[in-house]
Amino acid sequence: MNDLSWILAGLALGGIGAVALWRRRRPAARATAAAAAAATLPPVAAPGRRDRARQLANAAAAEVATLASGIEGGAHALIEAAANRSDVPRAAEGLLVAVRRLRSLHARLSAIGGQSVHADAVGTTDVARLIARLTNELQRTHVGLELHWQPPDHLPELAAPHDATFDALASACRALLRAEAGATRLSIAAESCYDAHHPQVRIECTLEWSGDGGASSADLLDDAQLAIDREAARVLTAAHGGEAVFQQSHGRLARVVLRWPVADAPATDAAALVQAPTPPAAAAADDRPQPHRYGGALLLESDPAVRAMLAAELKATGRAVFVCADAAAASTFLRATPDRFEVLIVDRDERLADRDLAAALRAVAPALDLLSLDDPDAAIGAQWPQLRRVRKPFGVHELRRVLASLLAAGGVAFRNAGS
């Protein structure tokens, strides 16, 4: 009987201990179960993450655009300083190649940031001409690449502008070449298709390994190095009603399929062409404000390389250049000698939103020509109808064309005044 009592007492104590232990472990068990349940739920994206990524892409695009313009200005200065072609430094030509790469990067970053350089572009694209340009670009930049392209007898034009489709296609091919680094056989095919409600043109680019294949360590869908090219191709294609789909088989091939809608047939109504209204005549020269006697140019540009490029081009036209550190300095120059200046050049539209500078322009120089090096701001553009633009990244020749148009009337008057 005593032995039975001891056994019952031991069981009771063991039960009490088990209950106590269970109570202590229950919160931890609940926490573990909650964590397991949470792991099965889809991750919640941080609010504003996509907007933040676009802001960063736009900031990087603006920096790249400024760098491209500055480098191109320096390269052209070296080239034009040479007495003949054989004396041109090889480094100067290398700089121009670097500029082309920067321009391409700018286009991709702008697309990712939602401010594509082709956003306002219109037009159609001939597929044969598009792929001929692509093959020329790839052969120049990728030594040893085998290109295979057999154009079909006829393909309709794409309902998208040429430069936008080229940037999308080039970005897609760069993604393939990154994904299967070392593969050298690139095949391009194009055909009409009717998979959607409207006819489309399908362009397929396949990069394959020669021989037994290779050992690619990149993953087209996951590798962060491919993000810019892949996303730019997708966004640029979608911006004009198309789509880009990537595929990859490690060590064998990488493929992208792009589709764009077909352009509508052009209208051939001859009567409408004959009766088309004539555009209004340009304003008479007598209606223009009189040009400024001294031919001065106010320059508000923060980057020293671009500033030097602008100053050199303005001085070559006979203009005196006055560099301002900020809008306050420009306001002071304008109020002190308003008749000295014929043009104000600003690196971004926000300069013209400065209260003091805007007041000075309206008070003492309402007819002053304005040139912005920024993307258009509709609100500011409406306030300054005389505002013209050359957007970064621009080259020397683009800048010269804009300056020639902007300063044409003033330049004639200035030369006559000096003679």
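How many contacts beyond four places in sequence does the model have for residues 411–419, over which pLDDT stays under 50? For that stretch there are eight such contacts, where contact means heavy atoms within 4.5 Å and pLDDT is the predictor's confidence in each residue, from 0 to 100.

The model is predicted, so that local features need pLDDT of at least 70 and side-chain atom pairs count only at pLDDT 80 or more, whereas totals for chains, interfaces and linings use all residues. Residues are numbered from 1 along each chain as its sequence is written, and side-chain values use heavy atoms, with hydrogens and water left out.

**View 1. Confidence along the chain.** The mean pLDDT of the chain is 76, and 73% of its residues reach 70 or more. Over residues 278–292 pLDDT stays under 50, and the model has nine contacts beyond four places in sequence for them. Where pLDDT is low, the predicted coordinates should not be read in detail.

**View 2. The surroundings of Arg-202.** Arg-202 is found in strand β3 (residues 200–208), and its side chain is joined to that of Glu-204 by a polar contact of 2.7 Å. A polar contact is a pair of N or O atoms within 3.5 Å; within protein, one must be able to donate a hydrogen and the other to accept it, and residues adjacent in sequence count only if both atoms are side-chain atoms. Leaving aside its neighbours within four places in sequence, Arg-202 is in contact with Ala-189, Ala-190, Glu-191, Cys-193, Val-257, Leu-258 and Arg-259.

**View 3. Helix α2 packed with helix α8.** Helix α2 (residues 49–81) and helix α8 (residues 304–316) pack at an angle of about 50 degrees, with their axes 8 Å apart; axes are lines fitted to C-alpha atoms, for helices over the stretch in contact, and angles run from 0 to 180 degrees between N-to-C directions. That angle makes α2 oblique to α8, since angles under 35 degrees count as roughly parallel, over 145 as roughly antiparallel, 65 to 115 as roughly perpendicular and the rest as oblique. Thr-66, Ser-69, Gly-70 and Gly-73 of α2 make the contact with Ala-305, Val-306 and Met-309 of α8.

Technical notes: Helix = DSSP H or I, 4+ residues; strand = E, 2+ residues; numbered from the N terminus.
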